[in-house]
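Dear colleague,

Please find below the structure that I am handing over to you.

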Amino acid sequence: MITIDHLTKRYGTVTAIGDLSFEVGPGRVTGFLGPNGAGKTTTLKILLGLATPTSGIATISGVRYRDLPHPARTVGAALDNDCFHPGRTAIEHLKTLATAAGISRRRPAQVLDMVDLTGAAHRRVGGYSLGMRQRLTLATALLGDPGVLIFDEPLNGLDPDGIRWMRDLLRRLAGEGRTVLVSSHLLAEAAQTVQDVVVINQGHLAAEGPVADLAAADGAGTLEDLFFDLTSDQPDNRVTEVHPS
Amino acid sequence: MTAIVNLTRAELRKLVASRTFLIGLALSVGLAVISVAVDAATAGKNGAAALGTTASTNQMLKLGSVCCVAMLVLGILGSGSEYRHKTIIPAMLVAPRRGALVAAKVTGIAVAGVALSVVTFGLGLATAVAELSARHLHHLPADTATLFAGSVIAGTLFGVIGVALGYITRSTIAAIVGAIGWVLFAELAILHTIAPHLAKWLVTGAGSTLTDPGVLASRALTPATATAVLCVWAAALLATATGLVLRRDVA
């Protein structure tokens, strides 16, 4: 369970996130949606201990990320698809992280197999395509076989085959009972992948709940309609919370 | 404790797996061996001291400065490139307690510093001994062992200083330019000119005491004091770096 509780982050006079609260439960793919600059990445960075909130708290199973006893085995995160030393091979990148996290030596080869990168395991990452980097990012997140997975824009740069592959993988991971939070601005793709959504706009919660229920409550036909209803600069924007019936 | 051990093993793995350290080691050894060979070849010519004299041998054994420069650059690359390539993000996700991450990086670079300095000075010294033996000269200055130890200590501490600079600037280029600027302009051009009595207490001054036979012989500082001075500089820079790493958001 991911809990964001009254989170605020200010950079000088600019409020990136304002009193944001929501929860993400296990067993479902939750989309974290919002326009560019809405505060999605900042929220995820605070959740993962990479940024410090001005106030509020973000926890995973009730514990702040930096207080988790085995963070890599609890949470797998993919924030950026370019976090690799270009001179290292994929297997060496993963072995280094596995060593640091105290994870089995066999696991790097297993996760490379899961993301279909076994054939490129010994190639330097500098020569990888964007899609291959995206898969390696995913392999990095899966290294500790964590119960909570957090992905920031995982569909960016993927070709149609890659998008379908990613969609199936995310659903399978959620189907195994894991908590899967996926930020995206590709609404059409997100609509086919996520079951729940958290929509934020200008750092504030706009809506959270199952996609179908939110769309029905809003009178919107699609996730895209719902998104634009919630994030347009109209004065009737409101926080909508719909809980699964 | 286990976490620190795992993180340190990961840091050593990075060093061994990357070409940067191996290239740095090769350059360092190559420069040391070539400089000894050149000094031996030019000894006794154009006013240079004759081979076999203490002055000539001292000139050949100025190998510690190579270790210091190599380790300073490797230290900067070790920490600064974590930001350049954004590998700091997965590193901090694995080790959210950032102090442990810095400690492991410093330990890793210190091990690399000892290895590089021992190999560089050792092969440079072996070359010098071979050059002298070829001319039936079998005498080394009494300070050679002190110089060997001083070069290893200085090389290691310069590596730690490099790590600190990389973390402070989060940029390999800025750190290298800043380090060169500090040594050439702040220390050598300004402080040595306006306050020469302070020179021995600065980073390069203390480093020279440990690595330069001429400075060592002058006893401006004892080797133990020079080591302490260099340790204080490294600790101060590392404390600053650690504070920044702990406090800063990761972009």
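**Findings**

In chain A, three strands form an open sheet with the order S2-S1-S4, and their pairing is antiparallel. Strand S2 (14-24) and strand S4 (55-60) of chain A are the edge strands, each pairing on one side only. From one strand to the next, the twist averages 20°. Please bear in mind throughout that this is a predicted model.

Strand S1 (residues 2-11) of chain A is joined to S4(A) by five bridges, and the two run antiparallel. Within S4(A), the residue that stands opposite A:Ile4 is A:Ala58. Helix H1 (residues 40-47) of chain A lies across S1, S2 and S4 of chain A, and runs at about 115° to S1(A).

The loop between H1 and S4 of chain A contains A:Ala51. Is A:Ala51 buried or exposed? There are 21 other C-beta atoms within 10 Å of A:Ala51, and because the cut-off for a buried residue is 20 or more, A:Ala51 is buried. Setting aside neighbours within four places in sequence, A:Ala51 is in contact with A:Lys9, A:Thr42, A:Lys45 and A:Ile46, and also with B:Asp249 and B:Val250 of chain B.

Strand S3 (residues 29-33) of chain A is mostly covered, since five of its five residues are buried. A:Val29, A:Gly31 and A:Leu33 point one way from S3(A), while A:Thr30 and A:Phe32 point the other way; all are buried.

S3(A) pairs with strand S7 (residues 179-184) of chain A in the parallel sense, over five bridges. In that pairing A:Val29 stands opposite A:Val180 in S7(A). S3(A) is also joined to strand S8 (residues 196-201) of chain A by four bridges, and these strands run parallel. Here A:Thr30 has A:Asp196 in S8(A) as its bridge partner.

**The two chains as a whole**

Chain A holds nine helices and 10 strands. Chain B, by contrast, has 11 helices and zero strands, and its pattern along the sequence reads α-α-α-α-α-α-α-α-α-α-α.

The radius of gyration of chain A is 18 Å, which agrees with the value near 18 Å for a compact globule of 245 residues. Along the principal axes, the C-alpha atoms of chain A fill a box of roughly 55 × 35 × 35 Å. Of its 245 residues, 48% count as buried. Among the contacts in chain A with a separation of 6 or more, 70% are between residues 24 or more positions apart.

For chain B, with 251 residues, a compact globule would have a radius of gyration near 18 Å; chain B has 19 Å, which agrees. The C-alpha trace of chain B spans about 60 × 40 × 30 Å along its principal axes. Of the 251 residues of chain B, 48% count as buried. Residues 24 or more positions apart make up 80% of the contacts in chain B with a separation of 6 or more.

**Where the chains meet**

How many residues of chain A are in contact with chain B? There are 29 of them, in contact with 23 residues of chain B. Helix H2 (71-74) and helix H3 (90-101) of chain A each supply at least two residues of the side of chain A that touches chain B. H3(A) gives the largest share of that side, seven residues. By class, the side of chain A that touches chain B comprises 14 nonpolar, eight polar and seven charged residues.

In soluble globular proteins, nonpolar side chains tend to be buried together. In this model, the largest nonpolar core has 146 residues, and those with the most contacts inside it are A:Ala139, A:Ile150, B:Val160 and B:Ile161. Helix H7 (residues 144-169) of chain B gives the most to this core, with 13 residues. As for A:Ile150, its contacts beyond neighbours within four places in sequence are A:Leu44, A:Leu47, A:Leu48, A:Val75, A:Ala77 and A:Leu181.

With kind regards

Methods:
Residues numbered from 1 in each chain as written. Chains lettered and ligands numbered in written order. Contact = placed C-beta atoms within 7 Å. Nonpolar A, V, L, I, M, F, W, Y, C, P; charged D, E, K, R; others polar. Pairing = 2+ DSSP bridges. Axes fitted to C-alpha atoms, helices over the stretch in contact; angles between N-to-C directions. Core = buried A, V, L, I, M, F, W, Y, C linked by C-beta atoms within 7 Å. Buried ≥ 20, exposed ≤ 12 C-beta atoms within 10 Å, placed from the backbone. Rg over C-alpha atoms; globule rule 2.2 N^0.38 Å.
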